[in-house]
Number of protein chains: 2
Amino acid sequence: MSQRGPYAKGVAKREEILGRALEIVARQGYRGASVQVIADAVGLSQAGLLHYFGSKEELFTAILRKRDELDHLSRAAPSDPRDARDAFVQVIAHNSEVPGLVELFSRLAVEAADPEHPAHAYFLERGEVLRETIVATLAQLRRPPALPPETLARIVQAAADGLQLQWLLDPTVDMAATMEALLNALAQEGHP
Amino acid sequence: MSQRGPYAKGVAKREEILGRALEIVARQGYRGASVQVIADAVGLSQAGLLHYFGSKEELFTAILRKRDELDHLSRAAPSDPRDARDAFVQVIAHNSEVPGLVELFSRLAVEAADPEHPAHAYFLERGEVLRETIVATLAQLRRPPALPPETLARIVQAAADGLQLQWLLDPTVDMAATMEALLNALAQEGHP
DNA sequence: GTCTATAGAATGATAGAC
DNA sequence: GTCTATCATTCTATAGAC
């Protein structure tokens with residue numbers, strides 16, 4: 001399980017730090033999440049923490065990548081369309097438990113508009129993978145689509161991101177239920 | 001046209017400032033839009049500008065309100081559903097011309113999650129009005145809805161906000177065309 | 001690898017003169 | 001109402017010792 005070669009220990013420690021940082025951000029929120037705060041939480045000095053990540057922006061980008069990994073978002077989606085839908089909805093439902101991560105994600109999504117931002121590539125890649133998964137899932141439904149699959153995928157992604165903004169503003173919004181309703185409607189599309 | 005009573009001049013000047021600030025933010029972007037930068041652009045000192053708005057957060061909230069006003073978003077939507085749809089799509093199309101405002105909107109949407117933030121009420125109200133308009137428009141279609149109108153309205157709003165994030169990240173994304181496709185699909189819902 | 005200390009900068013807000 | 005000047009924070013990044 002342990003990695004070989006140079007940096008093996010460094011990599012392991014880095015992962016350990018990320019795991020803890022993830023929990024902190026999830027609970028305490030990104031609000032004013034300075035490098036100092038994260039450093040305290042993981043038991044390092046500010047400089048000690050930056051030693052592993054180089055900059056604040058890279059640190060928070062790494063946190064988002066780690067989150068995707070833990071959410072199994074890097075795995076292939078289930079082959080059955082209903083299972084894929086359920087998995088997607090469950091990830092969204094779980095997001096309700098980690099407001100700080102939703103806030104971090106949404107905030108970086110805006111800041112990463114700058115091509116120079118370390119998270120720029122992350123968001124581009126993540127969006128592409130997500131939409132490809134959605135397109136593949138829709139293809140398995142073999143239903144006459146009212147819209148091009150790529151367009152539908154973009155809309156589903158947009159709905160997921162937009163629901164997060166609504167939920168951050170008003171936590172009574174049920175992101176998962178709303179998304180499930182949308183996906184069910186899409187699956188029945190053209191079959192009233 | 002001119003207002004009477006106390007503050008009349010102050011209000012007018014405030015509006016004038018907002019109009020210019022709006023143009024600046026629209027073009028130059030919100031990136032690093034400090035109070036100082038806006039102040040320079042409108043021909044005031046930093047302190048002079050804050051005299052009218054009290055704080056940075058209130059200034060930027062006022063800019064968003066002014067934008068809605070200029071976009072006629074405070075007006076009632078056209079009674080014909082197709083006209084309402086077209087008006088909505090046109091606002092979105094226009095947004096492509098003002099990236100800085102889209103960035104400002106998206107950024108404040110996250111920060112306003114905090115109930116103490118001056119823009120919190122703005123986003124709550126704006127969302128409610130928008131969704132009510134969508135619900136009212138959908139009702140005029142008199143079609144059997146696959147989803148509760150409130151849910152659909154939430155999804156349309158979410159899609160609009162989410163598409164902005166995608167577009168900020170990748171300006172080749174066509175927000176207006178995607179939204180139009182969604183709205184057309186909704187209008188045909190249950191009528192393949 | 002980790003810490004202490006500090007540089008260095010940016011910015012929002014306020015006091016007070018005019 | 002507007003400006004100048006200044007305060008007061010906050011935070012990232014780096015240098016250098018251990």
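Mentor: Helix H5 of chain B covers residues 81-95, 15 residues in total, and spans 21 Å from its first C-alpha to its last, close to the 21 Å expected at 1.5 Å a residue. Keep in mind that this is a predicted model.

Trainee: Within what arc do the buried residues of H5(B) fall, seen down its axis?

Mentor: The buried residues of H5(B) are Pro81(B), Ala84(B), Phe88(B), Val89(B), Val91(B), Ile92(B) and Asn95(B). They line one face of the helix, because seen down the axis they fall within an arc of 155 degrees.

Trainee: Which residues on the other side of H5(B) are exposed?

Mentor: The buried residues are covered by elements of chain B that include helices H4, H6, H7, H8 and H9. On the other side of H5(B), the exposed residues are Arg82(B) and Gln90(B).

Trainee: At the start of H5(B), which residue's side-chain oxygen reaches the backbone nitrogen of Arg82(B)?

Mentor: The two atoms lie within 2.9 Å of each other at the start of H5(B). The side-chain oxygen belongs to Asp80(B).

Trainee: Which helix gives the most to the side of chain B that touches chain A?

Mentor: The contact takes 36 residues from chain B and 36 residues from chain A, and the area buried between them is about 3100 Å². Two salt bridges cross the interface, one of them between Glu111(B) and Arg107(A). H6, H7, H8 and H9 of chain B each supply at least two residues to that side. The one that gives the most, with 13 residues, is H8(B).

Terms used: Residues numbered from 1 in each chain as written. Chains lettered and ligands numbered in written order. Predicted model: local features only at pLDDT ≥ 70, side-chain atom pairs only at ≥ 80, totals over all residues. Heavy atoms only, no water. Helix = DSSP H or I, 4+ residues; strand = E, 2+ residues; numbered from the N terminus. Expected span 1.5 Å × (residues − 1). Buried < 20%, exposed > 50% of the residue type's maximum accessible area, 1.4 Å probe, protein only. Arc of directions from axis to C-beta. Contact = heavy atoms within 4.5 Å. Polar contact = N/O pair within 3.5 Å; in protein donor to acceptor, adjacent residues only side chain to side chain. Buried area = accessible area lost by both parts, 1.4 Å probe. Salt bridge = Lys/Arg side-chain N within 4 Å of Asp/Glu carboxyl O.
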